[in-house]
Amino acid sequence: MDETALPPGVDRPGQAWDWMRQTSQAPTSFDWVRPEVAEAWDRCLEDHGLLPGQDLARTLGLAASAGPAWSRELQSTLSVQTYHVHSFLQDADVTVLLTDTQGTLMHVVGAGPHHFLANTNLFQLGATWSESSIGNNGISTAALLGVPTAFLGKEHFAHEFHASATAGYPIAGPDGNRLAMLGLVSSQRDSVKSLLAFLRMAGTLIEADVFKRHRPEGHLIRLRSVDAQGGLVAQQSAIDGLIVVGDDERIRALNAPAMGLLGVDACTQMIGEPLEHLLGLGLDCLARAQEKNMGPVEVVAPSSARLLLELNFAPSESTAETDDCVSAATMPSPAGAIERRILRTANRVSGRRTDANRGHDAIVDSLLKKMVSLQERKIPILVIGESGVGKEHLVQLSHRAGPRRDGPLVAINCAAIPRELIESELFGYAAGSFTGASKEGRSGKFQLANGGTLFLDEIGDMRLELQSTLLRVLESSEFVQVGGIKPIKVDVQVIAATNTSLRDAVDRGTFRRDLYYRLNGAQIWIPSLRERPDKIQLINSLFERELELGKFSGPAKILSDEVIELFLKHPWPGNIRELRNVLKTVAFMSDNAVITEQDLPPDFLAERAPAYEEDIVLALDIDARPTAPRSRDATSAATITNYLPIEIQDSPETLADWEKRAMVTALRESEWNVSRTARRLHITRSTVYQKISKYGIKKPTRSW
């Protein structure tokens, strides 16, 4: 590649990527791209066999494996911490990902339907974020190399990432082995350095939490650095060095700060080694010396560092248990009286029992505390979240637990009322103000909500000319009715909600900037169901609730593990509203004590059809790349074609016609048994249900 100096301001990575796409060769000059970028591109071309500019939507598949061998407790810890990381980045337009060590996506927060990568399967659980599948990016390359990595814009091999910055951080377990990958994707491309710096900090804190909660049993030793006079030395890490030693006096675990203090490059080199070989004294000697000194013991490490050792010290307890879903640091601390009022309100509204936290929803409870605290300070609140996440439910709870609980709660859906009637709905109208108006006039929502709360749902759909009127009312607490003259003063707490980006609406000029900042005193973000780290607890809790409401007799019903796994991987476009409908259906329709995949509604199973549909097309496409990842069902899609007669395979009919005939043939030969059909075709039962629903296939009343 020509290394001639380019004029100032020229996008060198962009020029290099365009050249690579034309020549299918990685640049050899580091004057064009960073060395790690050139090396990554060379791997993509030579080792992975990828093509520059190929479409991710066609090559991306889903992992066939069920995921890493994480325990439920460890998966909960990692998912909760992923949620915590995103809670600090809500205003930064950053998506947070958690993958296993191979790059299989296990959890994602902040990837809504309007995300710039939403047209791919990248954010579907089970998607493969490996460099061999989608080229270099912060997450995939960090997973491959085992070091924190970041890429910006056209430094990415795949063109879909050119509008973003990506960063990845390998999460190490207590034994030093890589445990998971934490990744960030941002559309703010100028923030890559700060993105990687934040990711390093977040990854370090996650490793500390994992070490605390999931370290092996044994004696805990704390290490701190001291100077020649015995004073504590400021460490590079704010976290103390920690070592776990078993009764056999061999090291079972140590964290990264301990490795730094001891001058150890790899944790795995120390696992299983005697403590005495590392520090020059064993457990008994350390215990006696500590008792004699009535405090920590000073030693000299092999790295020549002077260290203070403290055996079996009492670590400070975390402010949140493993299943807490919102970091205490992100929430204000309301008085105990407020918390008790919130608990009573939530119990009364949901009918929940307090024993064993039946019906407990940690996310809603945490957001509820924040909303009540904001209302007491009279701070405007903007609730954001996708449709079906429970925005109105949260507003109802906050009103009943808040300072205006004795006043009315009036809700209005700005998207459901005709635009020409919104003004009269909000402010009312005077007597005889227009043809057909009531002779007595009519009070608007603001008057009806006087002394209480007015909930403006879907505020983003309010027409532009009315927004200025609403702004004046919020500023002055006064308004004039339609056709009226005299101002009316009200005392109303306004809570607005939207499932769209008001910031984007402001940029488009469809929403007033001053009104946005007036409503956005504080944002309450409700995560989508697919983003929640407590899905298992929430699913079981809601299912128990549906069973209680249905007053079922007989043996208790439970959800099988296979159903739980399906629920965890489902995209849930309808969020909690959809989940409750599915749970209600299986609670009423199934006669089995254990709910299995066969009890799930076909339309629910069919929601996963698009991903499989794409894979089937790829499997039948003779031009499809053989190295492209496939899902478990896609790899067996060719089996379906075995049920197509030769004359059908060669006919000009559509693929859908062929597939329908193949499914009918396989079902008929399996005597309409779904399980046998799935085994015959080497696909899952859920895929069989999807195809039955898609093509409207019905079992005949008599044998064919």
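Modeller: Let us begin with a term: a residue is called buried if its relative accessible area is under 20%, and exposed if that area is over 50%. Please keep in mind that this is a predicted model.

Biologist: Is Gly444 buried or exposed?

Modeller: Gly444 sits in the loop between strand E14 (442–443) and helix H15 (445–448). Its relative accessible area is 0%. The limit for the term is under 20%. Because 0% falls within that limit, Gly444 is buried.

Biologist: Which residues does Gly444 touch, leaving out those up to four places away in sequence?

Modeller: One of them is Phe427, which is 17 residues apart from Gly444 in sequence but 4.2 Å apart in space, C-alpha to C-alpha. The residues that Gly444 touches are Ser424, Glu425, Leu426, Phe427 and Gly428.

Biologist: What share of the residues of the protein counts as buried?

Modeller: The protein contains 29 helices and 21 strands. It exposes about 33000 Å², of which carbon and sulfur atoms supply 50%. Of its 704 residues, the share that counts as buried is 51%.

Biologist: In the open sheet that contains E1, what is the order of the strands?

Modeller: Strands of a sheet pair through backbone hydrogen bonds, either parallel or antiparallel. In this open sheet of 5 strands the pairing is antiparallel, and the order is E2-E1-E5-E4-E3.

Biologist: Which strands form the edges of that sheet?

Modeller: An edge strand here pairs on one side only. Neighbouring strands of the sheet are turned by 15° against each other on average, direction ignored. The edge strands are E2 (105–109) and E3 (149–152).

Biologist: Which residue of E2 is the bridge partner of Leu97?

Modeller: E1 and E2 run antiparallel and are joined by 4 bridges. In their hairpin, 5 residues lie between the strands, and Gly103 takes a positive phi near 95°. E2 is mostly covered, with 5 of its 5 residues buried. The bridge partner of Leu97 in E2 is Val108.

Biologist: Which residue of E4 is the bridge partner of Phe151?

Modeller: E3 is joined to strand E4 (residues 165–172) by 4 bridges, and the two run antiparallel. The partner of Phe151 in E4 is Thr166.

Biologist: At about what angle does helix H6 run to E5?

Modeller: Helix H6 (residues 138–145) lies across strand E1 (94–99), E3, E4 and strand E5 (178–186). The angle between H6 and E5 is about 155°.

Biologist: Which residues make the nonpolar surface patch of about 250 Å²?

Modeller: One member, Val147, lies in the loop between H6 and E3. Val147 is partly exposed, with a relative accessible area of 40%. The patch is made by Leu144, Leu145 and Val147.

Biologist: Which residue of E7 is the bridge partner of Leu223?

Modeller: Strand E6 (residues 219–225) and strand E7 (residues 241–245) run antiparallel, joined by 5 bridges. In E7, the partner of Leu223 is Gly241.

Methods
Residues numbered from 1 in each chain as written. Predicted model: local features only at pLDDT ≥ 70, side-chain atom pairs only at ≥ 80, totals over all residues. Heavy atoms only, no water. Pairing = 2+ DSSP bridges. Axes fitted to C-alpha atoms, helices over the stretch in contact; angles between N-to-C directions. Contact = heavy atoms within 4.5 Å. Buried < 20%, exposed > 50% of the residue type's maximum accessible area, 1.4 Å probe, protein only. Areas by Shrake-Rupley, 256 points an atom, 1.4 Å probe, with all protein chains shown as cover. Patch = residues over 30% accessible without salt bridge, like charges linked within 9 Å, V, L, I, M, F, W, Y side chains within 5 Å. Salt bridge = Lys/Arg side-chain N within 4 Å of Asp/Glu carboxyl O.
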